[in-house]
Amino acid sequence: MNDRLGLSVGRSLLLLVIGTVLAGISGLLAILICHYLLNFGGADSANKHGLSQIESTRIGGVMIAAYLGLNLGFQGLSLGTNAVNHTTAAILLGSLPFFLVGLFEDWYGLLSARFRFLTMLGFAGATLLIWPEFRLLPVGIGFIDGWLLRNTVLAGAFTALCLGFLPNAFNTADGANGLVSGVAFTVTLALAGVAPSELQGFLYSIAIACALFLIYNLATGRFFLGDGGAYLLGAIVGFCLIVVSNSGGVSVWYLLALIFYPVADLLFSMARRVMSGRSPFAADNEHLHNLVFAFLSRPGVYPRQANTLTGVGIAIVFCGIPFALFQWVGLKSTSEWICGYMVLWMLYLSSWRVLSRRVCVIQPKSGL
């Protein structure tokens, strides 16, 4: 991938070795598959998302999907681990249509944001019909438990809405190096510590897949998840969150805190568009990560540095810190996480307000 990604032969070989050490033969094969597919398209034009300013590629999701398929297949056929079971197989099959829609959009760019969202609602509904065990059970939030989750039909509709929304939220937040992949990496590690045993090996495999992608994303600044990768990670994380929530081992407010940034960013973006008289699906680049990037883009700071600082910084602040508070500080009660969730909202809104007044908003490039 040295040509499209601007790598010398030496650096390309170094990343190949690092990826193989990290992810094994499955990782090596996933990298080679992406290298081959670069011959057929997936290019991303310069400045398409407001942050990237060089031509790049949008097939990072292929690397994640290929690694997961190869790694889990190897584990199931050769090692017999519990990473491959009914639950994880259902998650992968349920997430596959999301990935394929995104991959089609990466290659051809023909689908509107509204059409993709409605299509994914349909995918989510069909998945719940096939695997009703993914329907959300009471989550400990009064008005949701009382109004929705005690009624099977409403519970299914609400779950489908969540499963359709989260991949779009991941895709919308995918605007800076390491942001969505960093969030997905952290979330899967966090969930592995509280998930039922049949899900833990699967979650670690996803974390390794995200780390493999991050090597190329951060080292080059030209290797992106694309819609396919963002939708795939969003769908997988959504299904895993439901399994963990239904197991009842952790406060749902902690789970919401882990995915705070993509969800909050899309909700806030849709709200401000409606309030300004625009469609909630309209294109703009007034997301918090766009504003942070614009603020960091000062003389003497390379665009790629500002891009990476934006993505990694947001992932650490809005996902890494909640994980650390749970894992190492022992912040685990529901009341503590309700307060923590409110603090995240205050931090997000105050940051957006301050930065929106201090920087020039980048011209719109992408929707939802």
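Ile25, Leu29, Leu32, Ile33 and Leu70 make a nonpolar surface patch of about 400 Å². The model is predicted. Its salt bridges come to a count of eight, and several of their side chains are covered below, along with one buried threonine, Thr127.

**Nonpolar surface patch**

- Helix 1, which spans residues 9–37, gives the most to the patch, with four residues.
- Leu29 is one of the patch residues and lies in helix 1.

**Arg58 and Asp227**

- A salt bridge joins the side chains of Arg58 and Asp227, with an N to O distance of 3.0 Å.
- This pair links distant parts of the chain, its members being 169 residues apart.
- Arg58 sits in the loop between strand 2 (56–57) and helix 2 (60–79), while Asp227 belongs to helix 9 (residues 226–247).
- Both Arg58 and Asp227 are buried.
- A network of salt bridges links Arg58 and Asp227 with Glu105, Asp106 and Arg116.

**Asp284 and its two arginines**

- Asp284 meets Arg272 in a salt bridge between side chains, at 2.9 Å from N to O.
- Asp284 is in the loop between helix 11 (260–275) and helix 12 (288–296), and Arg272 is in helix 11, twelve residues apart.
- Asp284 and Arg272 are both buried.
- The side chain of Asp284 also forms a salt bridge with that of Arg273, at 2.8 Å from N to O.
- Arg273 lies in helix 11 too, eleven residues apart from Asp284 in the loop.
- Arg273 has a relative accessible area of 0% and so is buried, the limit being under 20%.
- Asp284 is buried because its relative accessible area, 1%, is under 20%.

**Thr127**

- Thr127 is part of helix 4, which covers residues 113–130.
- With a relative accessible area of 5%, Thr127 is under the 20% limit and is therefore buried.
- Apart from its neighbours within four places in sequence, Thr127 is in contact with Gly94 and Phe239.

Note on methods
Residues are numbered from 1 along each chain as its sequence is written. This is a predicted model: local features need pLDDT of at least 70, side-chain atom pairs count only at pLDDT 80 or more; totals for chains, interfaces and linings use all residues. Side-chain values use heavy atoms; hydrogens and water are left out. Patches are made of residues with over 30% relative accessible area and no salt bridge: like charges are joined within 9 Å, nonpolar side chains (Val, Leu, Ile, Met, Phe, Trp, Tyr) within 5 Å. Accessible areas come from the Shrake-Rupley method with a 1.4 Å probe; for residues, only the protein chains shown count as cover. A salt bridge is a side-chain nitrogen of Lys or Arg within 4 Å of a carboxyl oxygen of Asp or Glu. Helices (H or I, at least four residues) and strands (E, at least two) are DSSP runs, numbered from the N terminus. Buried means under 20% relative accessible area, exposed over 50%, partly exposed in between (1.4 Å probe, protein chains only). Contact means heavy atoms within 4.5 Å.
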